[in-house]
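Subject: Structure for you to look at

Hello,

Here is the structure I said I would pass on. Please open it next to this email and follow the notes below.

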Amino acid sequence: MALTKVTSNVLNDNAVTTTKIVDLNVTTTKIAGDAITNEKAGAEFTTAAALTPGGTVTLDYTAAQVFTLTPNANTTINITNPVIGISKVIVITGAGGSYTVGYTVGGAAGTFNKISGTYDDTAGTKNFIQITCVGNTEFWYTCSQIG
């Protein structure tokens, strides 16, 4: 009896599930270039999340790609779960209270290197802050407003 090679057209749709794959058998060399689509990316790369205003606001780096906030006080954004090499966006809408925004990582000072721009708390002003983690406690960021 001759053996038949198993090909994709021999398998039923959904026949191979994650429970049928031995751990570590799917490696990066077995994934075709450009095979991972936006639909397969984690929520941390495809969602937006509103931050709760307060004196200290926790921003979980792995929770979303875009974060929004309208402050109600001088605010320290405390980054948790930073991921080196990943950029996030924070859109802060000015509240008109002359509030300030600062940053910490894991409740400590960290290093926050401002490339350019200044936060503007004028009521309704949208501040686009792009921040990139370059080390466990080091970040680079810019702040700009709509032109």
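Two rings of Phe, Tyr or Trp count as a pair if their centres lie within 6.5 Å. That cut-off is needed for what follows. Please keep in mind that this is a predicted model.

Aromatic rings

The structure holds four aromatic pairs. One of them joins Tyr-103 and Phe-112, with 5.5 Å from centre to centre and 25° between the planes. Planes under 30 degrees apart count as stacked, and the pair of Tyr-103 and Phe-112 is stacked.

Both residues are also buried, a word that here means under 20% relative accessible area. Tyr-103 counts as buried because its relative accessibility is 13%. Phe-112 has a relative accessible area of 19%, so Phe-112 is buried as well.

Like Phe-112, Phe-139 is buried.

Which residues form one aromatic cluster? They are Tyr-61, Tyr-103, Phe-112, Phe-139 and Tyr-141.

A lysine over two rings

Lys-88 has its charged end over the ring of Tyr-61, 5.6 Å from the centre of that ring. Tyr-61 is one of the residues of the cluster. Lys-88 also lies over the face of Phe-45, where the distance to the ring centre is 5.3 Å.

Regards

Notes
Residues are numbered from 1 along each chain as its sequence is written. This is a predicted model: local features need pLDDT of at least 70, side-chain atom pairs count only at pLDDT 80 or more; totals for chains, interfaces and linings use all residues. Side-chain values use heavy atoms; hydrogens and water are left out. Rings of Phe, Tyr and Trp (its six-membered ring) pair if their centres lie within 6.5 Å; planes under 30 degrees apart count as stacked, over 60 as edge-to-face and the rest as tilted. Buried means under 20% relative accessible area, exposed over 50%, partly exposed in between (1.4 Å probe, protein chains only). A charge sits over a ring if NZ of Lys or CZ of Arg is within 6 Å of the ring centre and within 35 degrees of the ring normal.
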